[in-house]
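Colleague: I am new to this structure and would like to learn how to read it. Could you take me through a few features, one at a time?

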Amino acid sequence: MKRCITIGIIIIICFLCQSTLFQYLKLGGVVPNFLLIITMSFGLMRGRNEGLLVGFFSGLLIDIFFGTVLGPYAFIYMTLGYANGFFHRIYYVEDVLLPMLMITINDFLYNIIIYVVFFLLKNKLLFSDYMVHIILPEMIYTILITLFFYKLLVRINLRLKRIKEADNI
């Protein structure tokens, strides 16, 4: 129960940071994708089911507050969280390379899916502009934030594991 409450609070805080605070700290006109960072992190640290759930609720918040239709962002985040869970078995707490590689791939795939669903299908074919002005700056900004924020998420996860183990004894 403590784990669910803690993860819920993390999702809400990241959503608020992404949608309010970091709107004033834009670099290159983009903000880092905190919700993608926590979706990737919990998928790697806890497995497919937790990655799926964190991704679903993260995407659902975006759909509720910014979307015109309920579901596309929830589905995208949920799919990415589930896919990250496959790498749970090769994940080590000390490893920083795998999370950096995964957030790079996730952010690229996320933006490609957003381009296809929201722009390409509306006959907006300027992919090179989207790549240069949106995808690359957001990837770089998200990777830089992940370097610092990921360590905090690892500490929170380890503390939650210790609390769960202490409760089981």
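**Reading the model together**

Modeller: Gladly! This is a predicted model, where local features need pLDDT of at least 70 and side-chain atom pairs count only at pLDDT 80 or more, while totals for chains, interfaces and linings use all residues. Residues are numbered from 1 along each chain as its sequence is written, and side-chain values use heavy atoms, with hydrogens and water left out.

Colleague: Which residues of H1 are buried?

Modeller: Buried means under 20% relative accessible area, exposed means over 50%, and partly exposed is in between, using a 1.4 Å probe and protein chains only. In H1 the buried set is Arg3, Ile7, Ile10, Ile11, Cys14, Phe15, Gln18 and Ser19. Looking down the axis of H1, these fall within an arc of 145 degrees, so they line one face of the helix. The arc is taken from the directions from the helix axis to the C-beta atoms. As a general idea, an α-helix has 3.6 residues a turn, so residues three or four places apart point the same way.

Colleague: What covers the buried residues of H1?

Modeller: The cover includes helix H2 (34-46), helix H3 (48-66), helix H4 (72-85) and helix H6 (127-168). Contact means heavy atoms within 4.5 Å, and glutamate 50 touches Arg3, Ile7 and Phe42, leaving out residues up to four places away in sequence.

Colleague: How should I read a nonpolar core?

Modeller: In soluble globular proteins, nonpolar side chains tend to be buried together. A nonpolar core is a set of buried Ala, Val, Leu, Ile, Met, Phe, Trp, Tyr and Cys residues joined through side-chain atoms within 4.5 Å. The largest one here has 39 residues, of which Leu35, Ile38, Phe42, Tyr110, Phe149 and Leu153 touch the most other members. H1, H2, H3, H4, helix H5 (97-118) and H6 each supply at least two residues of this core.

Colleague: Which residues does phenylalanine 149 touch?

Modeller: Not counting residues up to four places away in sequence, phenylalanine 149 touches Cys14, Phe34, Ile37 and Ile38. Phe149 also belongs to an aromatic cluster with Phe22, Phe34 and Tyr141. Rings of Phe, Tyr and Trp (its six-membered ring) pair if their centres lie within 6.5 Å; planes under 30 degrees apart count as stacked, over 60 as edge-to-face and the rest as tilted. By this rule there are 14 aromatic pairs.

Colleague: Is glycine 55 buried or exposed?

Modeller: Glycine 55 is buried, with a relative accessible area of 0%. This residue of helix H3 is in contact with Thr39, Ala74, Tyr77 and Met78, leaving aside neighbours within four places in sequence.

Colleague: And how many disulfides are there?

Modeller: A disulfide is a pair of cysteine sulfur atoms within 2.5 Å, and the count comes to 0. For cysteine 17, the closest cysteine sulfur is in cysteine 14, 6.4 Å away, which is too far for a bond.

Notes:
Helix = DSSP H or I, 4+ residues; strand = E, 2+ residues; numbered from the N terminus.
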